[in-house]
Amino acid sequence: MNKRVKKKWIILITVIVVVAAFDGLSSNINLLDRAIVVGTGIDIEDGDLVLSAQVIVPKNSASASAGNDFVVYTARGKTVQQAIENLSYTVGLKASFAHTNVVILGDKLLKSGRTDVLEFLVKSDIVTDNTLLVASAGEAKEILAVQMPINEVASYHLTEILQSNRKEAGQNTSSLKGYFEDIYKVGETACIPLVFLRESEFGLLGEGADGEKPKLLDVSHVVLTNKEGYLVRLGRRQSAALSYTTEKLNAGSIAYDGDDGTEKEAIILRTECAKRAISYEEVAIDLNFSVRPSEKYYVSKDGSVSGISEKEKLAISAEIITAIDDCFEVSKYYDADVFHLGEELYRKFGEEWKMSVGKTYLDDLKLKISVNVNVK
């Protein structure tokens, strides 16, 4: 092949590659033809899945100054995939879930045993593995559509709460990836933060013309699940106890009885937790709390400046231990290894422990809890 013919072939191949590249670009869906989903809710109704999507509808440049529209759309389907396809038909745009921050699971869905829903989400590439997972006390679509103060979007607000730098006691975070990591640990137990609505004390800028006050989203409770689905709902105190053992906290408070007989609060500055398997029947949980008093400091009898006495430090420790014990006993009743103690036992004693105790190891397991409280 002479140089001239070879040059023609190179030019021809280059042209084909360029045309193919531009053809690929032209087949992409324009941003204005997409419905950007920032939050998703999944409910179940009459055997159908009800998919609710909080969507940003991008505006064209002529009205860009008005910002983006946030709308909640719903669609039904026998499967999640079918509901997603029907959602695109409903909106009239291609539903894009790449920017989805949070997936909210309705109460009825969790209690229905439809584990295929979460399995589909984690196996597909519709949302990322780090998408937050939240349970709803009622219908998921009600959370997405709630009127928030200062026109804030519910899915963004949930993200800000759960991914804030302020790790507050009682706020336990879960993601799709974290959920399945916990489900497949020894004990097969996962926790999902439960969101419910509280009426705002103030109208702020979100008060409607009808006088209805905006709602606040509360995530201080937790739902425990296993591979089969819903187990039990933990209350505020039990959820706080769970966060003591799973999160490094730097916010929140602990109520305790003061020396003067009044109820006081200690503000959490920092926490640390370590777990140790002692024997087949005992696991130790060692906690370090750095706190400060919520009230003014005072000068004690020995001349030192303090806001929490030694006796009150013991009261704080006792409150923490009692809350953890309470959470453990409730979870044990439902055979839920909420603190992942089985993982600690398996790491130390291996398959020999697992074979000897079976799945009922929680029945005879005891917690040895120690709490060290430092006042800053």
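## About the model

The structure is a predicted model, in which local features need pLDDT of at least 70 and side-chain atom pairs count only at pLDDT 80 or more, while totals for chains, interfaces and linings use all residues. Residues are numbered from 1 along each chain as its sequence is written, and side-chain values use heavy atoms, with hydrogens and water left out.

Helices (H or I, at least four residues) and strands (E, at least two) are DSSP runs, numbered from the N terminus.

Let's start with an open sheet of 4 strands, in the order 10-11-12-15 and with mixed pairing. Two strands pair if DSSP finds at least two bridges between them. Strand 10 (253-257) and strand 15 (366-375) are the edge strands, each pairing on one side only. From one strand to the next, the twist averages 40°; axes here are lines fitted to C-alpha atoms, for helices over the stretch in contact, and angles run from 0 to 180 degrees between N-to-C directions.

Strand 10 runs antiparallel to strand 11 (residues 263-279), and 5 bridges join them. Tyr 256 has Lys 264 in strand 11 as its bridge partner.

## Helices against the sheet

Helix 8 (residues 236-246) packs on this sheet, where it touches strand 10, strand 11 and strand 12 (282-293). Contact means heavy atoms within 4.5 Å. The direction of helix 8 makes about 60° with that of strand 11.

Helix 9 lies across strand 10, strand 11, strand 12 and strand 15, and runs at about 145° to strand 15. Helix 9 (residues 310-333) has 24 residues and spans 35 Å from first to last C-alpha, close to the 34 Å expected at 1.5 Å a residue; the expected span is 1.5 Å times one less than the number of residues. Its buried residues include Ile 316, Ile 320, Ile 324 and Phe 328, where buried means under 20% relative accessible area, exposed over 50% and partly exposed in between (1.4 Å probe, protein chains only). Just after helix 9, Asp 335 takes a positive phi of about 55°.

## Aromatic pairs and charges over rings

Across the whole structure, a search finds 7 aromatic pairs. Rings of Phe, Tyr and Trp (its six-membered ring) pair if their centres lie within 6.5 Å; planes under 30 degrees apart count as stacked, over 60 as edge-to-face and the rest as tilted. Tyr 244 and Phe 289 form an edge-to-face pair, because their ring centres are 5.2 Å apart and their planes at 85°. This pair links distant parts of the chain, with Tyr 244 in helix 8 and Phe 289 in strand 12, 45 residues apart. Tyr 244 is buried at 5% relative accessibility, and Phe 289 is buried at 0%.

Phe 328 and Phe 339 are stacked, with centres 6.4 Å apart and planes at 25°. Phe 328 lies in helix 9 and Phe 339 in the loop between helix 9 and helix 10 (341-357), so the pair ties together parts 11 residues apart in sequence. Elsewhere, ring pairs link Tyr 179, Phe 180 and Tyr 184 into a cluster.

The charged end of Lys 111 sits over the ring of Tyr 230, 4.9 Å from its centre; this needs NZ of Lys or CZ of Arg within 6 Å of the ring centre and within 35 degrees of the ring normal. Lys 354 lies over the face of Tyr 346, at 5.3 Å from the ring centre.

## Strand 1

Strand 1 (residues 34-45) is largely enclosed by the rest of the structure, because 10 of its 12 residues are buried. Strand 1 pairs in the parallel sense with strand 4 (residues 94-96) over 3 bridges, and Ile 36 stands opposite Ser 96 in strand 4. Strand 1 and strand 5 (residues 102-105) also run parallel, joined by 4 bridges, with Thr 40 opposite Val 103.
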